[in-house]
Amino acid sequence: MHASAAQRSQDLRDFLADYPARHPEDVTTVHEEIDGEDVAALVLELAARGREDMLVCPGVRGLGGTGLVTNVFASRRRVARLLDARPQQLHAAYQAAAARRTTPRVVSEGPVLERVASGPEVDLGRLPLIRHFASDRGPYLTSGVIAAEPPPGVPGRAGNLSYHRAMVHARDQLATSLHSRGHLWQLLGLAAERGERLPVAMVIGGHPLFLLAASARLDAGTDERDVAGGLFGAPLEVVRTPRYGIRVPASAELVLEGTIDPELRADEGPFGEFSGYSSSRSTHNVLTVETVLGRREPLLLDIAGGNTADHLNLARIPREAEMAQKLSERFPEVARLHYPTSGTHFHAYVALRRSRPGQARQVMLGLLGWDPYLKTVVAVDEDVDVTRDTEVLWALATHLQPHRDVFVVDGLPGSPLDPSSTAEGTTSRMALDATRAPGFDGVRIDVAARSTRTARRLLDGGGR
């Protein structure tokens, strides 16, 4: 029986024991020894076959026996199950849980404290990390969550969790890229103003709900660790790192504690980014590691990089949920919102109930204004399934007149990882109204429900 939210374990290992037992059809275990690059290839091949299996890979060369799990977030159904919801309830379930923010509970002990190494004992060459793509500069950490505490004496500023790709630069240093518009970048700037380095801790391997919380879109005064408590239904249990007292999950697999020097730089990249391109755009920051905490035999929860559903869903589900709530509160005509994998983070589809003329444009303007990553929004009628690209393309083909139903705004800030954006990261944005115009007299073809049931029975083997 599935545990209630109040009883839910915060340990990745409990999830990995429980989920395959309840949903064995949703998990594939690779018993053969494979190379690191084979992991991402497996994820992409599964997607090409229409599958979203969670992958368990106990034998990956170069990891020294460390087990690897990946593709956890590729399935929206699986993420919804984490929140005790059905897929169609995912946005509402995430928003409701995230809103129940709870301050973490500091504990004195936890599995992450089983082994502690510091000073000359630190050797990042022993980290479990893999090369995902042949075009990557080298092996990368893709699931590392950097935690920082609130800056001293700055009102309205909370601590932060955020994702940052990282590769080994030296025995005790990681080269990483920060988000130059993100809160961690801002915290680093505040430390630079004080003439200090920024203490941080990188968490490697945590429960999927902790990782989902780290993707939350928040204001600078809200800490993602509080959101994690809401998703778990109980305070996130944390320990403080030995040198800087940074709060990290007590059940994490590995934690790297150290500092980021605002002045220190190191080359990193190219790396396979969510755009589907290998990106060398980077802030080239350096995380100097002073302490390594971890379990005696850590596991690696990997995020398949590139434009995989695993990578994209982890970031876009919180974004979608926030946008869906904003839209439904402002525009009751909104029936459904979807960010397709085919559009990386740059496209959104929104389905609308029949409304007054101009309302589709208003909704699309809201989306393009609220989400700085979006470049293209397509509005369709509510009978169009926005989770299927083919349905949206059909609506574009049969409902849209370009001279009437398309508008473009340029010179807006976008994603610096968009390879088509300017060097400053500016982009143009486009809205396409593929809803049926007033007076549209087309009638959709209809297939009888009885005939559909018969077809499915025959194709499922019932006619043999």
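In this predicted model, Ser342 touches Tyr349 and Asp389, leaving aside residues up to four places away in sequence. Ser342 belongs to the loop between strand 18 (334–338) and strand 19 (347–352).

Helix 8 covers residues 309–330 and packs against helix 9, residues 359–370. The angle between the two helices is about 145°, and their axes lie 11 Å apart. Their crossing is right-handed. From helix 8, the residues Met323, Lys326, Leu327 and Arg330 take part in the contact, and they meet Gln362, Val363, Leu367 and Trp370 of helix 9. By type, the residues of this contact divide into 5 nonpolar, 1 polar and 2 charged.

Helix 8 also has a kink of about 40° at Arg316, shortly before the proline Pro318.

Salt bridges are counted here when a side-chain nitrogen of Lys or Arg is within 4 Å of a carboxyl oxygen of Asp or Glu. By this rule the model has 34 salt bridges. One of them joins the side chains of Asp18 and Arg22, with an N to O distance of 2.9 Å. Both residues are in helix 1 (residues 12–22), and because they are 4 residues apart there, about one helical turn separates Asp18 from Arg22.

Two loops hold backbone features to note. Most residues other than glycine have a negative phi, and most peptide bonds are trans. Asp84, in the loop between helix 3 (76–82) and helix 4 (90–99), has a positive phi near 55° although the residue is not glycine. Is the peptide bond that joins Gly269 and Pro270 cis or trans? This bond is cis, with omega about 10°. Pro270 sits in the loop between strand 13 (254–265) and strand 14 (271–272).

Methods: Residues are numbered from 1 along each chain as its sequence is written. This is a predicted model: local features need pLDDT of at least 70, side-chain atom pairs count only at pLDDT 80 or more; totals for chains, interfaces and linings use all residues. Side-chain values use heavy atoms; hydrogens and water are left out. Axes are lines fitted to C-alpha atoms, for helices over the stretch in contact, and angles run from 0 to 180 degrees between N-to-C directions. A crossing is left-handed if the near helix is turned anticlockwise from the far one by less than a right angle, and right-handed if clockwise. Contact means heavy atoms within 4.5 Å. Ala, Val, Leu, Ile, Met, Phe, Trp, Tyr, Cys and Pro count as nonpolar, Asp, Glu, Lys and Arg as charged, and the others, Gly among them, as polar. The bend at a residue is the angle between axes fitted to the seven residues ending there and the seven starting there.
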